[in-house]
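Student: I would like a close look at a single part of this structure and what surrounds it. Please take me through it step by step.

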Amino acid sequence: MRELQAGLWHWQAPHPDWAPGEPWPQQVSSYAIDDGVRLLLFDPLSVPDELLERAAGREPVVVLTAPWHERDTQSLVERLGAPVYVPPPDTADDLVRKFGITPEQAGSGSPDVAWLLAGGGGEAHLYAAGDRLPIGIEAFPGREHNDLVLWIESRHAVVAGDTLVDFGSGLQIAEWLREAVTREQVADGLRPLLALPVEVVLPAHGAPTDRAALERALS
């Protein structure tokens, strides 16, 4: 674990669903921010013990950039009682449009965070692009309606899920776009970030980087 700023941490862990041949590296990134009241855990996986101990003196909150980034969310909710901010999981219609499968194959939709939304597994807060969350976060559109890019004004930080990634060649807009979505459309939705005082960019895939990398990715 590395402290990037006072009260802002980054760590990496091997994704449990990774397999050889995946287009993304096995090590994925998670982040935590201590704002003095809350401990915000972003796309958390294998949270270090030091942060779990810190959570005892704060209000822990889990923030997911995409519903499929739930990772260790369920165990953290059970252990810490943390509320979860998450974009909505894919409906059956979403799955048909995204992956070209049949309605029968789509079933009742994605199982992502189903345990959370069922009503008995924790406190869920759904959010979408354009929302300003009461925990000091603004959500920007990403490559999908539920794969979002977050702005944390207090830290001059951008947190990205699968929209902005670094697989070893620098930060870039992910190539895994649906046929109906273009790179330019994604970049247009994110360029308002360049009007903000961004200092650090925190991708779920890749290491922390800076404003210059974001400018290059959106150029």
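Tutor: In this predicted model, the second largest pocket holds about 200 Å³ of space. Its lining is made up of His15, Asp17, Trp24, Trp68, His69, Arg71, Arg143, Asp162, Trp176 and His205. Sorted by class, these are three nonpolar, three polar and four charged residues.

Take Asp162 from that lining. Asp162 sits in the loop that links β11 (157-160) to β12 (164-165). Although Asp162 lines a pocket, its relative accessible area is 6%, and because the cut-off for buried is under 20%, Asp162 counts as buried. Its side chain makes a polar contact of 3.0 Å with the side chain of His205, and His205 is also in the pocket lining. Leaving out residues up to four places away in sequence, Asp162 touches Trp68, His69, Arg143, Asp147, Ala174, Trp176 and His205. Among these, Trp68, His69, Arg143 and Trp176 are likewise named in the lining of the second largest pocket.

β11 has strands to pair with on two sides. The order of the open sheet is β8-β9-β10-β11-β14-β15, six strands with mixed pairing. β8 (132-133) and β15 (209-210) stand at its edges with a single partner strand each, so one side of each has no neighbour in the sheet.

On one side of β11 is β10 (residues 147-152), which runs antiparallel to β11 and is joined to it by four bridges. Ile152 is placed opposite Ala157 of β11. The hairpin of these two strands has four residues between them, and His156 there takes a positive phi near 50 degrees.

β10 also contains Leu148. The relative accessibility of Leu148 is 0%, so Leu148 is buried. The C-alpha atoms of Leu148 and Ala160 lie 6.8 Å apart, though the two residues are 12 places apart along the chain. Not counting residues up to four places away in sequence, the contacts of Leu148 include Val159, Ala160 and Gly161, and also Ala139, Phe140, Pro141 and Gly142.

β14 in turn pairs with β15 in the antiparallel sense over two bridges, and Val200 stands opposite Asp210 of β15.

That leaves the largest pocket, with a volume of about 310 Å³. It is lined by 13 residues, of which Trp68, Asp90, Lys98, Phe99 and Arg143 are the closest to its centre. Trp68 and Arg143 are also listed in the lining of the second largest pocket, and Asp162 touches both of them. α3 (92-99) and β9 (137-144) each supply at least two residues of the lining of the largest pocket; α3 gives the most, with three. By class, the lining of the largest pocket has six nonpolar, one polar and six charged residues.

Notes:
Residues numbered from 1 in each chain as written. Predicted model: local features only at pLDDT ≥ 70, side-chain atom pairs only at ≥ 80, totals over all residues. Heavy atoms only, no water. Buried < 20%, exposed > 50% of the residue type's maximum accessible area, 1.4 Å probe, protein only. Polar contact = N/O pair within 3.5 Å; in protein donor to acceptor, adjacent residues only side chain to side chain. Contact = heavy atoms within 4.5 Å. Pairing = 2+ DSSP bridges. 1 Å grid on protein atoms, 1.4 Å probe; cavity = no way out; pocket = protein on both sides within 12 Å on 5 of 7 lines; lining within 4 Å. Points joined across faces, edges and corners; volume = space filled by probe spheres on them. Nonpolar A, V, L, I, M, F, W, Y, C, P; charged D, E, K, R; others polar.
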